[in-house]
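Open the model in your viewer and keep the selection tool handy. We will go from one stop to the next, with a note on what to select each time.

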Amino acid sequence: MKLIIHTDGSSRGNPGPAVSCWCIGSSEIINKKELGIHSNNYAELAAVGCGLKAVLSIPLEEQMSDIDVEVRIDSQTVYFWLGGTTPSKNVKEREKIKEMIKRIKDIEKSFKSINYITVRRENNKADPGYI
């Protein structure tokens, strides 16, 4: 089984009031989590973590270890970080971001496979248009 997660995150002011959004599969429901004051990259990464946690909570007949997950994101920076590139020393909230990446990598182990795909912002289903 394959599940697709669409994610997006943003902050006003960078750092500023931040929000993460995600939706799973063909759902038209966009889930939103307000994060407080954070950077844009933090919000983008938090959206991935929230989306993956949401998949873990879905009651499915298949074992999580049999599920292939595709995460669609519009942040090339987060895409590279999740691929193994270390955030540079001048990245805002670097230590928090490194810890979040570690937590995401731990969640990834629950699935058969995980694939991150970058999409253009205008094609991002999780973009509610107001962040």
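**A short tour**

Start by selecting glutamate 93, which sits in the loop between H2 and H3 (helices, H or I of at least four residues, and strands, E of at least two, are DSSP runs numbered from the N terminus). Its phi is near 60°, a positive value in a residue other than glycine. This is a predicted model, where local features need pLDDT of at least 70 and side-chain atom pairs count only at pLDDT 80 or more, while totals for chains, interfaces and linings use all residues. Residues are numbered from 1 along each chain as its sequence is written, and side-chain values use heavy atoms, leaving out hydrogens and water.

Next, select asparagine 14 and proline 15, in the loop between S1 and S2. The peptide bond joining them is cis, with omega about 5°. Asparagine 14 also has a positive phi, near 40°.

Now select Leu45, Val48, Leu52, Val71, Ile104 and Phe111: of the 31 residues in the largest nonpolar core, these touch the most other members. Such a core is a set of buried (under 20% relative accessible area, 1.4 Å probe, protein chains only) Ala, Val, Leu, Ile, Met, Phe, Trp, Tyr and Cys residues joined through side-chain atoms within 4.5 Å. H1 gives the largest share, nine residues.

Finally, select cysteine 21 and cysteine 50. The structure holds zero disulfides (pairs of cysteine sulfur atoms within 2.5 Å). The sulfur of cysteine 50 is 9.6 Å from its closest cysteine sulfur, in cysteine 21, so it is too far for a bond.

Methods
Buried < 20%, exposed > 50% of the residue type's maximum accessible area, 1.4 Å probe, protein only.
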